[in-house]
Amino acid sequence: MNIDQLAKVTHAEVSAHQKSETEILTLCYDSRQATHLPNELFVALKGATQDGHDYIPELLRNGSKFFLVEKDIPVASGGTFIKVKSCLLALQQIASYKRNQFEGRVIGITGSNGKTIVKEWLTSVLTTSHAVLASPKSFNSQLGVPLSVWPISNKYDLAIFEAGISKPNEMEPLQEILSPDIGIFTNIGPAHEENFINLEQKVKEKLKLFKRAKTLIYDKDDQLVSTLIDKHFNGDKIGWSRKSNGSIFAQKASNGLTVKWGDKTHYFNTSFEDEASIQNLTHVIVCSLFLGIEDNSIQERIDRIKPVNMRLELKRGIEGNFVIDDTYNNDLAGLNKALNFMEQQRSHEQKTLILSDFIQSKVTLEDFAKLNDLLISKGVDQLIGVGPQLSEASSCFTIKSRFFESTEALINSDILDQLNNQLVLIKGSRKFALERVSLLLTEKVHKTRLEVNLDAVRHNLHFYKSLLKSSTKVMAVIKAMAYGSGSTEIAKLLEYNKIDYLAVAYADEGVALRKDGIDTPIMVMNPSEDDVYAMARNNLEPEVHGVSQLKHYYDAFKSLGRTLPVHLVINTGMNRLGFNEGQIKQLKEVLSLMPDLEVKSIFSHLAASDEAEHEGFSLTQIESFKQIATDITSILANQPLLHILNSGGITRFAEHQLDMVRLGIGLHGVEVNERLQSQLMRPAQLKTIISQTREVKAGESIGYGRKGKAVQDMTIAVMAIGYADGYLRVFGNGNAYVSINQQKVKTIGNVCMDMTMIDITGLSVKEGDEVTVFGNSPTVSELARWANTIPYEILTNVSGRVQRVFYAE
Ligand SMILES: *Cc1c(COP(=O)(O)O)cnc(C)c1O
């Protein structure tokens, strides 16, 4: 669509130097993801903490030209602006218009769980015989749906979209946009329960998606869903059932699934055992059969289904490489996102992109030239292209590049051996199976890993920011490997999100961050006198707690011809580091003799910010701090930042936020205030796998010291995690549970150094299954309670040998 068409569809005015017939090809709604290419439209959305309009001046400077806005922007600024009442509504109108031009069929998926998986699997099956457009990842919201529909055109003959709601009246606009011809209702569960009167209301709201659908596929064994569909849906009902009296009968068989439809029986092989996967798979099979796909095509695609992994993962590679793995899907928008993730993790100087051909059929030479520019602007040093399309276009690339006709040719070449100390991004469409390259380049480690969701850390940062004035600065405390998660990666993320300050405990942590390219100011909380030159060379700022330490630092910096930046810590009741009230007079005298010194900040630390019973004490600390800080400031030439609140303090005493706050555990999703916990996300998930399962007869003992006892015949499993990984010994003997396939499983017997046994009697658990040791269930806070400690200790205990994997959705 061109600018004029977009304006017409959204009933908008266009303000521009001249009317434009420029075709808009891509949408961008996050200024950091902007490519500034000439066919991009920036959509200025307003969020809870951010307003897209604020980024327009910067975007204009960087060459962006077209904007969808809600406010007047001076035309003199050089851009072209489509002004509407609501950008979100405008996107929905555009999507709805494009959908109406589409002549193929639209499949709409909703339900509580499994939407994304069903969409992904179904897409995989249907691409055997159709040109399919599918929503990316789990784009199913009021914003996600219009963005998913944007690329729709008549070069596709099928489109598959998911739609999700979290409260009543959200489905109508999604129905307006999608108006699916075929519907799939996955299932109903407790998600977002609090926003609906009851389950019935929730099902009814979701069913609104299918107002005009001709066909609806659903699990007939769910009584409520089935009854409500009978009542409210008028089209063809394709309800499948596990009971033989249904017209479509789907039953789990050994290593497979039998589907009887009318007088035909189909059999499919699958290794899935758990009920949720079988339900998802049945929806996919029934829909594929309905659309006339052959059994063998379906089977071929089922064989390729692996647990859906749609996220960008950063892993440690061989030869000092780091690998970002995105071997799932390849289109331009996804590539841009992956390049941004790469840029954000720019610690390693050389960057290599291994890229397969795009899935879109039509890519012009001009597109490749643009791609070349994009790679240069994102700092990619080398391109390794895989596939005939890219190979043919090799002359479009001015950046260092090599091309291979196929993934096999790449693997058989010597180029992979030449990669060392690189940040390697592997990005390809499924067809090229680039995961084989990823396997070759990544380190083999035991399967226990701490997965860190970088989006969740960012979410938590924004949550705390939303409690603060926009002028208040935030210092992120990332001591102890960022509470066990990984200092550099968390620091990169925070820097990317414009954090004001970082704090570490020791100088060497700060030096390591500088080596990895972190430029944000860093305060070192407990520097020793020996660290002074390393601090000076690396632009690290000491926290100072005594007069002799201050003098030592001052003299050393002066000897190097440098101004000393300091943070003065005041003891107001914590009785850890700091100047006492009685020492302030002397401190002021010393400071007045130090012209080459800059007091960056003055701060104190609350002893019990997280405990209501000590609120009175905390307030006296705050008052005393304010007095002392004002006293010191009175003799300083500059105005230092004052700060006292840590995470617990921010939620309890926001009115005392002063100039800055120090955010630590909150970034990791632990909030002592129960009421706010639900607004945080939990970034860290400690995961392992099942190494073996075994039968144990009644009366036998299990593990060291024969502490585990089989009171009856039991089935147990061994997980590949022990106290050397940070899984405390107190968690043994049934004192903790882990989650496997959504089941809670208790430990049995003592925790060993590298392994722990669990009781899986009567549960569905097999060798190789993934185990969640902590994450959403159980949570870090639960483990802390079981071990009679605090969440900080559980997080920082995860040992160095546990591989950290960072990802973004
Ligand atoms: C660790 C630390 C923080 C962060 O505390 P959280 O409770 O994790 O937010 C803040 N200030 C100082 C001085 C600290 O030592």
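Modeller: Start where domain 4 meets domain 5: 15 residues of domain 4 are in contact with 13 residues of domain 5. Contact means heavy atoms within 4.5 Å. This is a predicted model, where local features need pLDDT of at least 70 and side-chain atom pairs count only at pLDDT 80 or more, while totals for chains, interfaces and linings use all residues. Residues are numbered from 1 along each chain as its sequence is written, and side-chain values use heavy atoms, with hydrogens and water left out.

First, the layout. The protein is divided into domain 1 (3-85), domain 2 (91-302), domain 3 (312-443), domain 4 (451-677) and domain 5 (684-808). These bounds come from an automatic or database domain assignment. The C-alpha centres of domain 4 and domain 5 are 37 Å apart. About 1500 Å² is buried between the two, and carbon and sulfur atoms give 61% of that area. Buried area is the accessible area (1.4 Å probe) that two parts lose on being put together, summed over both.

One salt bridge is found across this interface. A salt bridge is a side-chain nitrogen of Lys or Arg within 4 Å of a carboxyl oxygen of Asp or Glu. Glu451 and Lys687 form a salt bridge, with their closest N and O atoms 3.1 Å apart. The whole structure has 33 salt bridges.

A cavity is a set of points where a 1.4 Å probe fits but cannot get out. A pocket is an open set with protein on both sides within 12 Å along at least five of seven lines. Lining residues have an atom within 4 Å of a point. Points are joined across faces, edges and corners, and a volume is the space filled by probe spheres set on them.

The second largest pocket has a volume of about 1200 Å³. It is lined by 47 residues, and those closest to its centre are Asp610, Asn646, Ile665, Ile790 and Tyr792. Elements that give two or more residues to this lining include strand E27 (597-604), helix H24 (647-652), helix H26 (780-786) and helix H27 (791-796). Helices (H or I, at least four residues) and strands (E, at least two) are DSSP runs, numbered from the N terminus. Domain 4 and domain 5 each supply at least three residues to the pocket lining. By class, that lining holds 22 nonpolar, 15 polar and ten charged residues. Ala, Val, Leu, Ile, Met, Phe, Trp, Tyr, Cys and Pro count as nonpolar; Asp, Glu, Lys and Arg count as charged; the others, Gly among them, are polar.

The largest cavity has a volume of about 80 Å³. Both domain 4 and domain 5 give residues to its lining, so the largest cavity lies between them. Among its lining residues are His668, Val670, Gln677, Arg682, Ala684, Thr779 and Leu795. The lining of the largest cavity has five nonpolar residues, six polar and one charged.

The second largest cavity has a volume of about 40 Å³. Its lining includes Leu686, Tyr727, Phe731, Phe774 and Val798. Eight residues of that lining are nonpolar, one is polar and none is charged.

The peptide bond from Ser777 to Pro778 is cis, with omega near -5 degrees. Pro778 sits in the loop between strand E37 (770-774) and H26. Helix H26 is also one of the elements that line the second largest pocket.

Technical notes:
1 Å grid on protein atoms, 1.4 Å probe; cavity = no way out; pocket = protein on both sides within 12 Å on 5 of 7 lines; lining within 4 Å.
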